[in-house]
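Please keep the sequence and the model in view while reading.

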Amino acid sequence: MIDQRSRQYQKRRSCVAVRLLFFFISVGSVAVTGCNRDNLRGAIPDQAVAKEIRLTLASSDVGPAVADQSASQQRTGWGTLKGQIRVVGAMPPDRLLNINKDQAVCQPGGAPVRGETVEVDPATGGLANVVLYALDLDGENVHEGSKAGKTDSIFYDQKVCRYLSHVLPMQTTQSLEVKNSDTVSHNTQIQAKRGRSINENIPPGSSVQYSPGKEEKEPISVNCAVHPWMKAYLLPRDNGYFVTTQQDGSFEIANLPAGIDLSVQAWQEKLGKNFDGIKVNGQPATWKRGRIALNLKPDETVMLDVEIPASVLE
Amino acid sequence: MKRFNKKVTAWRGVPWGRLRFGVKHRILRASFANLFWACFVVLAGCQAEVPYFRPNLVEIEIEQDAGEPVTEAQQRTINETMLALFGTPDHPANPFPQDAEIVDATSPLTTFGFDVGKLKTSAGRVYRDEEGNQHGLFRLHCAHCHGVTGGGDGPTAPFLNPYPRDYRQGVFKYKSTFGAAKPTHDDLKRVLVNGVAGTSMPSFRLLPDNEIEALVEYVRYLSVRGETEIRLIEYMAAEGEMPGSVGEIAGGFPLALDEEGIPEEEPEEENVVASVLYQWKSAPLQVIRPVSSPIDYANPDSVAMQASIARGEELFYSKNLQCNSCHGDSAQGDGQRDKYTVWFKWREDLGTNNDDPAEIDRVVHQFMEVGALQPRTIHPRNLRLGVYRGGRRPIDVYRRIYSGINGGPMPAQGTASGIGGNEVPDGEAGGSIRREQIWDVVSYVLSLPYEPLSQGPPQRQGSKYTPR
């Protein structure tokens, strides 16, 4: 009997050895790493680099300077940027808004109300409410007409529970007269990232003054807590180099500095700054975070014909 | 192999039954002991983890979704800068190292950021020193809900309603300052001492005063740290580089303060830390001082109070205020529940451009993968319960109505020009109603829980076992 058993054991010897080997390898690997892995650790900072940064600070040095991107270029004159932004292909109509409050005022006659996210002109295919603005221009590179410092008040109205200017760029020194022309209260909440935020109730017929204070890098949202479907955008900038496309998608920024590298930022409500792959003048263009690089010649008018396929906007 | 085989067969060749008494048990005990320690090592791992701050991956995800990705190398740069400026949960640091030659100890006009002594009491591991002082206060009292990083994402957070505060946005709801201003030191201390009624935030009234002060300082430290990180991430996502050299980011100190401790000048944009601290230091300028109340809240049964309540009810439902549109026609908070707070602005933005529930679900899961909590809409307060999160004193309710609630949809009925109270004439103050009328709304709101409608169904009259 012992002979039979030992023969069976002899046969299974190698399987046991291999199994034991696998067991120790798996236990060993899990033992080294442990079961509690934090996948929210992010990019683990290098302790040595951090220590060096701290020592730099402690010695009151300014630290390694960030490379100055703007090479010393001379402005040679003024140019103009014109163009049109069109949507190619059939666009479905904008989404229906859910009017669940104050229907008598916000939905007179019970007609369905649509959003204004993508406004395509049926005649020309033009895309309205795309805001284009020039980045990093100041001092003598800014034309007289577009200099910072305009202090007039812009009339900003809301009627039938809609903001009448859906995307509005403005200068930081200008002020908005936010009016409520409805017979119900609206509270206009402007959420700024760097400037002043407000969230004030505006009784029917009255208005509230708002001044942004600081320029923003991208449009900030304007909405109403009482009527949650109301939404608009505001873009405070220091200088006057901004424009929103018209109903037919056309735009023009005049008196841009010529001879220096320009960066023009585009922003659309649905796309945000994501313009990658959009063709300009029929050719694929390099959009970097919605920015397009230009260098105008004096008195030159650069035409940009931007075509956005409808599939991108859906 | 042969030797191995011999051992194995020799071991297995020993029949259990024939062992000496006790050996079998010793062998079994030893095996179980080995198994236990093996499990322990497996589950714990061989590395000792030093506590660390988690980066704000939700903010990075927001930027990524907006078409501005932050690469891993850029994230590492940000994390290294944060580590150098603010230290670790065990060893917090003042962003700008205090150079003894720059600090003039006798001059009241300089400040560098935080009181590191208080930070050291709150930070680090939990222990009591020889004199009996408690250390590691934040980890002992706060981190399980608010998280080690102060992101409101501690282990208990997903089970709480409402979620614990995320300090990193620098937005606080229950404060005495107007609009988007930061809370004052007293506001934070009040929240710690009183707790927040109706939420899971308890009162820490029983802690000694120096411990509460240490915790307030640490909360401010975590908030400044979080806001600095968010600004760096936003700048990096938009421009692809840091806002300035490290010296510039941490620079702008010392902030020149006047006699009352208010900064005189706003720092430059590249002095990120100083800009954030400037907002904290200038918060006392934005404190809402109420106008004198025409009614005496110590006499709730007086005729003047009843008249005030009647006026307040009219104002509550008036077109000017329209409180019922969100708080509901019965003031039970059922008027409108579609909005999200600023801590879920990513979910709010998602909803405005998307109708497809499958797409919304996918993006929500994408955000929860990087540490966001399940988004919840914000519910307007049920005013008939008598539970007021920001405080139940009349002045607290006045401030909620005057300034709204920062971070949420509740709007302000007053304006920034009227916060001076009695010193500002009515004409200059503006607002949707006169400030005296706000007191009438306060009376009405405070009287709501005592109305018959709020009392609930009639009480049981008792039974033979519980006679009344």
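Strands are DSSP runs of E with at least two residues, and helices are runs of H or I with at least four; both are numbered from the N terminus. Two strands pair if DSSP finds at least two bridges between them. The model is a predicted one, in which local features need pLDDT of at least 70 and side-chain atom pairs count only at pLDDT 80 or more, while totals for chains, interfaces and linings use all residues. Residues are numbered from 1 along each chain as its sequence is written, and chains are lettered from A and ligands numbered from 1 in the order in which they are written.

**Strand β11 of chain A**

In β11(A), I220(A) has L234(A) standing opposite. I220(A) belongs to strand β10 (residues 220-224) of chain A, which forms a hairpin with β11(A), with six residues between the two strands. Strand β5 (residues 167-171) of chain A also pairs with β11(A), and there V167(A) has Y233(A) as its bridge partner. Strands of a sheet pair through backbone hydrogen bonds, either parallel or antiparallel. The table lists the pairings of β11(A) together with one from another part of chain A.

| Strands | Sense | Bridges |
|---|---|---|
| β10(A) and β11(A) | antiparallel | four bridges |
| β5(A) and β11(A) | parallel | five bridges |
| β14(A) and β17(A) | antiparallel | four bridges |

Strand β11 (residues 231-237) of chain A is mostly covered, with seven of its seven residues buried. A residue is buried if 20 or more other C-beta atoms, placed from the backbone, lie within 10 Å of its own, exposed if 12 or fewer do, and partly exposed in between. In a regular strand the side chains alternate between the two faces of the sheet. K231(A), Y233(A), L235(A) and R237(A) point one way from β11(A), whereas A232(A), L234(A) and P236(A) point the other way.

**An open sheet and a loop residue**

Chain A also holds an open sheet of four strands in the order β12-β2-β14-β17, with antiparallel pairing. Its edge strands, each pairing on one side only, are β12 (242-244) and β17 (291-294) of chain A.

The loop between β13 (250-258) and β14 (262-267) of chain A contains D261(A). Because 13 other C-beta atoms lie within 10 Å, D261(A) is partly exposed. Apart from neighbours within four places in sequence, D261(A) is in contact (C-beta atoms, placed from the backbone, within 7 Å) with Q73(A), A293(A) and N295(A).

**Helices of chain B**

Chain B has 18 helices and two strands, and 40% of its 468 residues count as buried. Helix α3 (residues 57-65) of chain B packs against helix α9 (residues 209-239) of chain B at an angle of about 25°, with the axes 10 Å apart. The angle therefore makes α3(B) roughly parallel to α9(B) (under 35 degrees). E59(B), I60(B) and E63(B) in α3(B) meet I230(B), I233(B), E234(B) and A237(B) in α9(B).

Helix α11 (residues 272-281) of chain B has as its buried residues V272(B), V273(B), A274(B), V276(B), L277(B) and W280(B). The buried residues of α11(B) pack against α4 (72-86), α9 and α10 (246-249) of chain B.

How values were computed
Axes are lines fitted to C-alpha atoms, for helices over the stretch in contact, and angles run from 0 to 180 degrees between N-to-C directions. Angles under 35 degrees count as roughly parallel, over 145 as roughly antiparallel, 65 to 115 as roughly perpendicular and the rest as oblique. Two residues are in contact if their C-beta atoms, placed from the backbone, lie within 7 Å.
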